[in-house]
Amino acid sequence: MSSVTIPPPACMLRPLEAPLRYLFGPGPSNVPPRILAVGAKPIIGHLHPEMYEIMNDIKRGIQYAFQTENNMTISMSGSGHAAMECAVFNTVEPGESVLVAVNGIWGERVAEIAERMGANVHRMVKTPGGYFSNKEIEQAVEKHKPVLFFLTHGESSAGLCHPVDGIGDICRKHNCLFLVDTVASLGAAPIFMDKQNIDILYTGSQKALNAPPGTAPISFNERACHKMFNRKTKPVSYLFDMTHLSNYWGCDGKPGLEESWKKHKEVAAYLYRGLEDLGLKLFIPERDLRLPSVTTIAIPDGYEWRELLAYIMKHHQMEMTGGLGPSIGMVMRIGLMGYNCEKTNADMALNALADALKNCKKSKA
């Protein structure tokens with residue numbers, strides 16, 4: 001390959017600088033130093049056990065902030081728009097009726113999102129700053145028979161905090177889900193998801209929560225979950241499909257065994273091919289009898305297995321082991337399991353083995 005012809009831009013050759021600003025607009029807000037400091041902590045893998053502990057803590061924090069006991073409570077990657085789309089995409093199917101209260105920009109956004117995915121959208125419209133009485137809402141719900149009614153609690157484009165009491169009761173009376181946007185209001189104005197019978201609630205991280213932008217807490221109650229998981233069609237977005245997100249967050253009661261089994265089998269097969277390419281012999285000849293999580297290699301002729309393993313540990317900071325009990329002196333073992341079950345890790349193991357085979361002395365025997 002020829003050398004690069006496009007030089008690095010000048011901006012890459014100097015440190016990043018960000019000015020100190022007092023963010024007194026509608027968001028984002030200034031992030032406290034304590035929160036900024038957390039960003040300097042080490043990165044860990046998304047499947048590490050420590051990550052699941054952090055996610056559980058986040059979930060409990062959202063439940064507290066939302067005042068809900070909903071199990072289906074997560075924090076999405078993305079802005080408040082991500083949660084907005086997630087809520088609509090998962091609970092509404094093409095052709096279904098949706099009612100949107102529009103008294104500023106966020107109602108308009110939800111209406112457009114619902115229209116783009118094929119819903120039959122009906123708008124209740126007020127000028128910015130106007131609010132809807134419960135009587136007006138019930139009349140519109142009775143008329144349009146929506147599966148979902150949307151309301152912005154904190155309409156930042158107009159500076160309005162909309163009353164919520166009693167609207168959830170109206171929606172339940174008419175078998176309609178109540179979706180509420182609290183991006184600009186959560187943490188700044190009272191909201192009680194369970195007590196106010198809100199079926200779906202979401203917010204953003206960068207406003208009153210004083211966190212960096214990029215995460216969007218969202219919660220679904222049992223009514224909303226029943227609608228989501230009994231739909232006839234798949235959501236239009238794969239990224240925002242709650243059947244995947246809820247499994248990753250451990251909210252659906254399913255450990256994801258089938259996917260885990262499949263992944264271990266695929267990574268093991270990848271490792272087998274790499275080992276054979278190195279001229280190594282797998283100890284278990286029948287593929288279907290091999291344990292996907294731990295692969296055993298017959299000790300290569302002429303090598304001292306302890307020397308190979310010691311070399312790999314010293315030069316690659318990587319643990320592999322010999323046999324155990326009756327298999328001592330017969331095999332070396334590579335375990336790629338759980339969050340280590342990745343093809344990139346298989347490549348690292350193969351590279352370490354190749355290096356050891358090259359640099360460790362073979363006996364004359």
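**Backbone, sheet, salt bridges and surface**

Me: Is Asn 197 buried or exposed?
Reply: The relative accessible area of Asn 197 is 15%. With a 1.4 Å probe and protein chains only, buried means under 20%, exposed over 50%, and partly exposed in between. Asn 197 is therefore buried.

Me: On what basis are such values given?
Reply: This is a predicted model, in which local features need pLDDT of at least 70 and side-chain atom pairs count only at pLDDT 80 or more, while totals for chains, interfaces and linings use all residues. Residues are numbered from 1 along each chain as its sequence is written, and side-chain values use heavy atoms, with hydrogens and water left out.

Me: Where is Asn 197 found, and what is its phi?
Reply: Asn 197 belongs to the loop between strand E7 (177-181) and strand E8 (200-202); helices (H or I, at least four residues) and strands (E, at least two) are DSSP runs, numbered from the N terminus. Although Asn 197 is a residue other than glycine, its phi is positive, near 55 degrees.

Me: What is the relative accessibility of Gln 67, another residue with positive phi?
Reply: Gln 67 is not a glycine, yet has a phi of about 55 degrees. Its place is the loop between helix H2 (49-66) and strand E1 (72-77). Gln 67 counts as partly exposed, at a relative accessibility of 37%.

Me: Which strands stand at the edges of the open sheet?
Reply: The three strands of this antiparallel sheet follow the order E10-E12-E11, where two strands pair if DSSP finds at least two bridges between them. Each edge strand has a single partner strand, so one side of each is left without a neighbour in the sheet; these strands are E10 and E11 (321-322).

Me: Which residue of E12 is the bridge partner of Thr 295?
Reply: Four of the five residues of E10 are buried. E10 pairs with E12 (residues 331-335) in the antiparallel sense over five bridges. In E12, the bridge partner of Thr 295 is Ile 334.

Me: How many residues apart in sequence are the parts tied together by Glu 96 and Lys 227?
Reply: A salt bridge is a side-chain nitrogen of Lys or Arg within 4 Å of a carboxyl oxygen of Asp or Glu. The structure holds 10 of them, including that of Glu 96 with Lys 227, whose closest N and O atoms are 3.0 Å apart. Glu 96 lies in the loop between helix H3 (80-91) and strand E2 (97-102) and Lys 227 in helix H7 (residues 222-228), so the parts tied together are apart in sequence by 131 residues.

Me: Which residues are linked in a network of salt bridges?
Reply: Arg 223 and Asp 199 meet in a salt bridge, N to O, at 2.8 Å. Arg 223 lies in helix H7 and Asp 199 in the loop between E7 and E8, so the pair joins parts 24 residues apart in sequence. Arg 223 is partly exposed at 23%, whereas Asp 199 is buried at 0% relative accessibility. The network links Arg 172, Asp 199 and Arg 223.

Me: What is the relative accessibility of Arg 116?
Reply: Arg 116 forms a salt bridge with Glu 112, the closest N and O atoms being 2.8 Å apart. Both residues lie in helix H4 (residues 105-116), four residues apart, about one turn of the helix. Glu 112 counts as partly exposed at 37%, while Arg 116 counts as exposed, at a relative accessibility of 69%.
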